[in-house]
Amino acid sequence: MSLVNRVQNILMKPAAEWEVIANEPASVGGLFTGYAVILAAIAPIMSILFLGLLGMGGMGMGGITMGMPLIAATAAATYVISLAILYLMSLIVNAISPSFNGRSDMVQATKLMTYASTPVWIAGLVSWIPVIGFLISLAAIAYVVYLIYLGLRPVLGVPQEKLAGFTVVIVLVYIVLSMVLSAIIVGVVVSSVVGTGMMAGSMAGV
């Protein structure tokens, strides 16, 4: 199945698509290189294009203007974060699935987290638009939660009575993991950009 068809199906008819996904052959590497790596690049590319090159909405937090170096660095960090979180979440879901009477299968866990992430990645097309992009991103996150809920039974064999609890656990773990990784990587990016700027200023003053 083509990437475009998979995106359309998981967004438009997820219940039927999860049944297809559950039974098709796959590998962790293939799920990343053939799907996640491509779609996760949408938001960073949009940020660089519209915020950096075209200068649309170039104000950062606290009224600090975001120049191209900071935008590009932030976009790259966002890309790395999203893929790192996807892999770590797949590991965690695989590890705790038996606790909810589901299967322990890394490929299946990666399928679940990869394809369920589709709405957020597609929302990256408009995430750079003030207000509207934010609202669409929130709606996409809500849909991701719904997709996880729908996918747990066919993909990992989680019984109906355990679906809600497992979904809540996944969401909570994702929030904590996202906050920790984002804080670490963004801190490194900002320090790097600020340090580069100070070095450039010092050299200019010599």
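Trainee: Before we start, what is a salt bridge?

Mentor: A salt bridge is a side-chain nitrogen of Lys or Arg within 4 Å of a carboxyl oxygen of Asp or Glu. Keep in mind that this is a predicted model.

Trainee: Okay. Which residue does R153 form a salt bridge with?

Mentor: With E19. The closest N and O atoms are 2.7 Å apart, within the 4 Å limit, so the pair counts. R153 sits in helix α8 and E19 in helix α2, so the bridge ties together parts that are 134 residues apart in sequence.

Trainee: How many salt bridges does the count come to?

Mentor: The count is 3. R6 and E17 make one of them, at 2.5 Å from N to O. That pair links helix α1 to helix α2, 11 residues apart.

Trainee: What about R6 and E24, how far apart are the closest N and O atoms?

Mentor: They are 2.8 Å apart, and the pair forms a salt bridge. R6 is in helix α1 and E24 in the loop between α2 and α3, so this bridge ties together parts 18 residues apart in sequence.

Trainee: So which residues end up in one network?

Mentor: R6, E17 and E24, joined by salt bridges that share partners. R6 is buried, at 4% relative accessibility. E17 is buried as well, at 3%. E24 is partly exposed, at 23%.

Trainee: Back to α1. Which residues are buried there?

Mentor: R6, V7, N9 and I10. Their cover includes α2, α3, α6, α7 (118-123) and α8.

Trainee: New topic, the core. How many residues does the largest nonpolar core have?

Mentor: It has 40 residues. W18, V93, L112, M113, L152 and I170 have the most contacts inside it. Helices that each supply at least two of its residues include α1 (3-12), α5 (68-96), α6 (106-116) and α9 (163-205).

Trainee: Take M113. What does M113 touch?

Mentor: L86, M89, S90, V93, I148 and I170. That list leaves out residues up to four places away in sequence.

Trainee: And the rings? How many aromatic pairs does the count come to?

Mentor: There are 5 aromatic pairs. One of them is F32 with Y87, edge-to-face, 6.2 Å centre to centre and 65° between the planes. F32 lies in helix α3 and Y87 in helix α5, so the pair ties together parts 55 residues apart in sequence. F32 is buried, at 13% relative accessible area. Y87 is partly exposed, at 38%.

Trainee: Why is the pair of Y35 and Y115 edge-to-face?

Mentor: The planes are at 75°, and over 60 degrees counts as edge-to-face, so the pair gets that name. The ring centres are 4.7 Å apart. Y35 is in helix α3 and Y115 in helix α6, so this pair ties together parts 80 residues apart in sequence. Y35 is buried at 3% relative accessibility, and Y115 is buried at 7%. Y35, Y115 and W121 form one aromatic cluster.

Trainee: Last one, the surface. Which residues form the nonpolar patch?

Mentor: V120, V131, I132, F134, L135, I136, L138 and I141. Together they have about 730 Å² of accessible area.

Trainee: Which helix gives the most to the patch?

Mentor: Helix α8 (residues 132-156), with 6 residues. I136 is in helix α8. Its relative accessible area is 35%, so I136 is partly exposed.

Methods:
Residues numbered from 1 in each chain as written. Predicted model: local features only at pLDDT ≥ 70, side-chain atom pairs only at ≥ 80, totals over all residues. Heavy atoms only, no water. Patch = residues over 30% accessible without salt bridge, like charges linked within 9 Å, V, L, I, M, F, W, Y side chains within 5 Å. Areas by Shrake-Rupley, 256 points an atom, 1.4 Å probe, with all protein chains shown as cover. Helix = DSSP H or I, 4+ residues; strand = E, 2+ residues; numbered from the N terminus. Buried < 20%, exposed > 50% of the residue type's maximum accessible area, 1.4 Å probe, protein only. Core = buried A, V, L, I, M, F, W, Y, C linked by side-chain atoms within 4.5 Å. Contact = heavy atoms within 4.5 Å. Phe/Tyr/Trp six-rings, centres within 6.5 Å; stacked < 30°, edge-to-face > 60°.
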